[in-house]
Amino acid sequence: MAKPVVVGVDGSPSSLEAVETAAHEAALSGVGLRLVHAFGWSSIHPPRGGPPWNRAEAGVRELVDGTLVEAELRAHRIAPDTDITREVTAGEPVVVLEIESRTASLVVVGSRGLGAFGGLLLGSTAVHLASYGRCPVLVVRGRPHPTGPVLLAVDGSPAGERAVEFAFAEASVRGADLLALHVWNAWSERFPEGPDDQLRIVVDVDRLREEEQRLLDETLSPWRTRYPRVAVERRLVRSRIRPALIEASRDAQLVVAGTRGRGGFGGLLLGSVSQALLQHAHCPVAVVRGGE
């Protein structure tokens, strides 16, 4: 049985946008849509003096049901033929959605929920899921370009292979072009690994550019064969990585990135490039974890 698309619903405008995006994704992939509301303190702002599900707060259930009904109506408008189910679960949203990700093909969340502080650009649920989710996580933010390409942030790392696969699949089902962008600079040079491997004081820029071009070509080659109908633009740019990707996202309908690139420290679950895209990209961002 095909795994469903799961979307976190808390009634915020951001989560309702996520519902519409998730419905579209489910319809494109031909799978079911699962609306999940985590029924816990962090999602319904408990009053002082007691838990929100006591008798004095008897209207909470009606509030949750109303939120899910609105979400389901929105989903049906986007994907009328998609099988939609609803789930209300007790627990912290981040924990509930992480568990849901184990049996989902994709988890979709808004960039900020009802529990986010006003000054935060990205809610804690989105950050946590991007780091720990067991399936690709799509964070809905910005304004996607309706006819723009799927933008793939190519890093050439083994862990990024699943992000490449996901980007090609998304471009295929969307009928969109794929823009594979690999950004490099002098810091792309390999660091010395031992006392006999001295760091080059002067970087051979031409040689480094050729190596990065080869990395880009080799990363894409097997997937271009698998998805021959996807039009691919390979773009090699010498620049600062995060600003270049953020700027490129202005004309994209979706950005796809892995959790960590070649430069990530071993203990980090979410690299700086992925974090920057989640915070500042101009369109939705899908973060795809590599193999365990």
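**View 1. No disulfides turn up here.** A search through the whole structure comes back with zero disulfides (pairs of cysteine sulfur atoms within 2.5 Å). Cys135 is buried at 7% relative accessible area, and Cys283 is buried at 0%. Buried here means under 20% relative accessible area, exposed over 50% and partly exposed in between, with a 1.4 Å probe and protein chains only. A word on the model: it is predicted, so local features need pLDDT of at least 70 and side-chain atom pairs count only at pLDDT 80 or more, while totals for chains, interfaces and linings use all residues. Residues are numbered from 1 along each chain as its sequence is written, and side-chain values use heavy atoms, with hydrogens and water left out.

**View 2. Strand 5 sits between two partners.** Strand 5 covers residues 137–140 (strands are DSSP runs of E, at least two residues, numbered from the N terminus). Val137 and Val139 on one side are buried, and so are Leu138 and Val140 on the other. Strand 4 (residues 106–110) pairs with strand 5 in the parallel sense over four bridges; pairing takes at least two DSSP bridges. Val108 stands opposite Leu138. Strand 10 (residues 285–288) runs antiparallel to strand 5, joined by three bridges, with Ala286 opposite Leu138.

**View 3. Val256 in the largest nonpolar core.** This core has 46 residues, and Leu33 and Val256 have the most contacts inside it. A nonpolar core is a set of buried Ala, Val, Leu, Ile, Met, Phe, Trp, Tyr and Cys residues joined through side-chain atoms within 4.5 Å. Beyond four places in sequence, Val256 is in contact (heavy atoms within 4.5 Å) with residues including Leu151, Phe166, Ala286 and Val288.
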